[in-house]
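Biologist: Before we look at it together, could you walk me through how to read the charged pairs in a model like this one?

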Amino acid sequence: MRIAILIIAAIIIMPALATAEVTETSWYSNYETKNRRCADNRWHDLQKELCAASWDYDLGTRVKVSLLDTTNISVVVTIVDRGPAWEWYYKGRRLDLSIAAFKKLANPDVGHIDVRVERCKDIDQ
């Protein structure tokens, strides 16, 4: 009986603890999107807005993106679009940041960086 209770508790609690994901991210701008509307059906100025594209999170979800080094630099972005391109998604890239958000973390000339992504549940509620 105790084992069954522990198993049920683990099933309920473990997904809540596993909210952080380590992935590679890149950036995109209005030039790449050819000034089209994003998946949320709105126009976004990717040069100024802190937003991102992801297939893994619902549109409107806010996530905290942190560098995987000792600088503790992070940025909170809103998921407004779908991406990255499938060829990159299957290679492990789970997020594309707007160029404005990417600049908060690194120089865009590096192209891509490794980050930790955490859903901001306290902001969503």
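Biologist: Where is Arg93 found?

Modeller: In this predicted model, Arg93 is found in strand E5, which covers residues 93–98.

Biologist: Is Arg93 buried or exposed?

Modeller: Arg93 has a relative accessible area of 8%, and because the limit for buried is under 20%, this residue counts as buried. Leaving aside neighbours within four places in sequence, Arg93 is in contact with Thr23, Glu24, Thr25, Ser26, Pro84, Trp88 and His112.

Biologist: With which residue does Arg93 form a salt bridge?

Modeller: Side chains of opposite charge can pair when their charged atoms come close. Here Arg93 forms a salt bridge with Glu24, the closest N and O atoms being 2.8 Å apart. The pair links distant parts of the chain, with Arg93 in strand E5 and Glu24 in strand E1 (residues 20–28), 69 residues apart. Glu24 is partly exposed, at a relative accessible area of 22%, whereas Arg93 is buried.

Biologist: How many salt bridges does the structure hold?

Modeller: The structure holds 3 salt bridges. One of them joins Asp56 to Arg94, whose closest N and O atoms are 3.7 Å apart. Asp56 lies in the loop between strand E2 (51–53) and strand E3 (62–67) and Arg94 lies in strand E5, so the pair ties together parts that are 38 residues apart in sequence. Both residues are partly exposed, with relative accessible areas of 33% for Asp56 and 25% for Arg94.

Biologist: Which residue does Asp45 meet in a salt bridge?

Modeller: The side chain of Asp45 meets that of Lys48, at 3.9 Å from N to O. Asp45 is partly exposed, with a relative accessible area of 30%, while Lys48 is exposed, with 67%.

Key: Residues are numbered from 1 along each chain as its sequence is written. This is a predicted model: local features need pLDDT of at least 70, side-chain atom pairs count only at pLDDT 80 or more; totals for chains, interfaces and linings use all residues. Side-chain values use heavy atoms; hydrogens and water are left out. Helices (H or I, at least four residues) and strands (E, at least two) are DSSP runs, numbered from the N terminus. Buried means under 20% relative accessible area, exposed over 50%, partly exposed in between (1.4 Å probe, protein chains only). Contact means heavy atoms within 4.5 Å. A salt bridge is a side-chain nitrogen of Lys or Arg within 4 Å of a carboxyl oxygen of Asp or Glu.
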